[in-house]
Amino acid sequence: MGEARIKAGIWVSAALRLGMKDNKPGVVVRKGDPDAGGVLVKLYGRSGCVVLSQFRDIEGDLAWMRSTGRDPVPEQAADDYIARQTRFDPDLWVLEFDAADYLPPFEGKIV
């Protein structure tokens with residue numbers, strides 16, 4: 001059945017706190033639906049950006065997909081991807097973190 005689902009706004013607050021704890025400061029760039037909005041995470045590193053998209057795996061567990069590919073992309077390419085997704089889904093949250101290792105400050109399966 002997967003893990004229990006929490007409201008998006010609460011999850012975002014927790015992710016930002018974990019970022020501060022892990023020395024990966026983050027900000028909310030775009031607020032989505034506080035109850036059930038999806039989340040996009042933009043990770044800034046030394047050679048570009050990576051965008052992670054939230055989804056549920058076959059067991060219903062939260063997982064993350066490298067939406068811009070395995071390798072970092074220029075910031076404009078990441079921003080273009082995010083703009084397309086927010087036009088498609090106006091309930092999306094967008095978070096940005098400074099993460100030189102391109103890993104988010106929260107736990108989760110990345111595919």
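Trainee: Which strands does helix H1 lie across?

Mentor: Helix H1, residues 8–21, lies across S1, S2, strand S4 (62–66) and S5. Its direction is at about 5 degrees to S5. Axes here are lines fitted to C-alpha atoms, for helices over the stretch in contact, with angles from 0 to 180 degrees between N-to-C directions. Contact means heavy atoms within 4.5 Å.

Trainee: What should I know about the model before going on?

Mentor: This is a predicted model, in which local features need pLDDT of at least 70 and side-chain atom pairs count only at pLDDT 80 or more, while totals for chains, interfaces and linings use all residues. Residues are numbered from 1 along each chain as its sequence is written, and side-chain values use heavy atoms, with hydrogens and water left out.

Trainee: Back to helices. What does H2 lie across?

Mentor: Helix H2, residues 75–88, lies across S1, S2, strand S3 (48–56) and S5. Helix H2 runs at about 175 degrees to S2.

Trainee: How many helices and strands does the protein have?

Mentor: There are 2 helices and 6 strands. Both kinds are DSSP runs numbered from the N terminus: helices are H or I with at least four residues, strands are E with at least two. Along the sequence the pattern reads α-β-β-β-β-α-β-β.

Trainee: In what order do the strands form the sheet?

Mentor: The order is S1-S5-S2-S3-S4-S6, in an open sheet with mixed pairing. Strand S1 (26–30) and strand S6 (109–110) are the edge strands, each pairing on one side only. Two strands pair if DSSP finds at least two bridges between them.

Trainee: And what holds paired strands in general, and in which senses?

Mentor: Strands of a sheet pair through backbone hydrogen bonds, either parallel or antiparallel.

Trainee: In which sense do S2 and S5 pair?

Mentor: Strand S2 (residues 39–45) and strand S5 (residues 93–98) pair in the parallel sense, over 6 bridges. Leucine 43 has phenylalanine 97 in S5 as its bridge partner.

Trainee: Charges next. How many salt bridges does a search of the whole structure find?

Mentor: The search finds 7 salt bridges. The term covers a side-chain nitrogen of Lys or Arg within 4 Å of a carboxyl oxygen of Asp or Glu. One of them joins glutamate 75 and lysine 42, with the closest N and O atoms 3.3 Å apart. Glutamate 75 sits in helix H2 and lysine 42 in strand S2, so this pair links parts of the chain 33 residues apart.

Trainee: Is lysine 42 buried or exposed?

Mentor: Lysine 42 is buried, because its relative accessibility is 1%. Buried means under 20% relative accessible area, exposed over 50%, and partly exposed in between (1.4 Å probe, protein chains only). Glutamate 75, at 38%, counts as partly exposed.

Trainee: What else does lysine 42 form a salt bridge with?

Mentor: Lysine 42 also bridges to aspartate 79, with the closest N and O atoms 2.3 Å apart. Here strand S2 is linked to helix H2 across 37 residues. Aspartate 79 is partly exposed, at 28% relative accessible area.

Trainee: Which residues are linked in a network of salt bridges?

Mentor: Lys42, Glu75, Asp79 and Glu96 are.

Trainee: What about aspartate 57, which side chain does it meet in a salt bridge?

Mentor: Aspartate 57 meets lysine 109, at 2.8 Å from N to O. Aspartate 57 is in the loop between S3 and S4, and lysine 109 is in strand S6, 52 residues apart. Aspartate 57 is buried at 12% relative accessible area, whereas lysine 109 is partly exposed at 43%.

Trainee: New topic. How many aromatic pairs are found?

Mentor: The whole structure has 4 aromatic pairs. Among them, tryptophan 11 and phenylalanine 106 are edge-to-face, 4.9 Å centre to centre with 70 degrees between the planes. Tryptophan 11 lies in helix H1 and phenylalanine 106 in the loop between S5 and S6, so the pair ties together parts 95 residues apart in sequence. Both tryptophan 11 and phenylalanine 106 are buried.

Trainee: Why is the pair of tryptophan 64 and phenylalanine 106 tilted?

Mentor: The pair is tilted because the planes of tryptophan 64 and phenylalanine 106 are at 45 degrees, with the ring centres 5.0 Å apart. Rings of Phe, Tyr and Trp (its six-membered ring) pair if their centres lie within 6.5 Å; planes under 30 degrees apart count as stacked, over 60 as edge-to-face and the rest as tilted.

Trainee: Which residues form the aromatic cluster?

Mentor: Trp11, Trp64, Phe97 and Phe106 form one cluster.

Trainee: Last one: how much of the protein counts as buried?

Mentor: Of its 111 residues, 41% count as buried.
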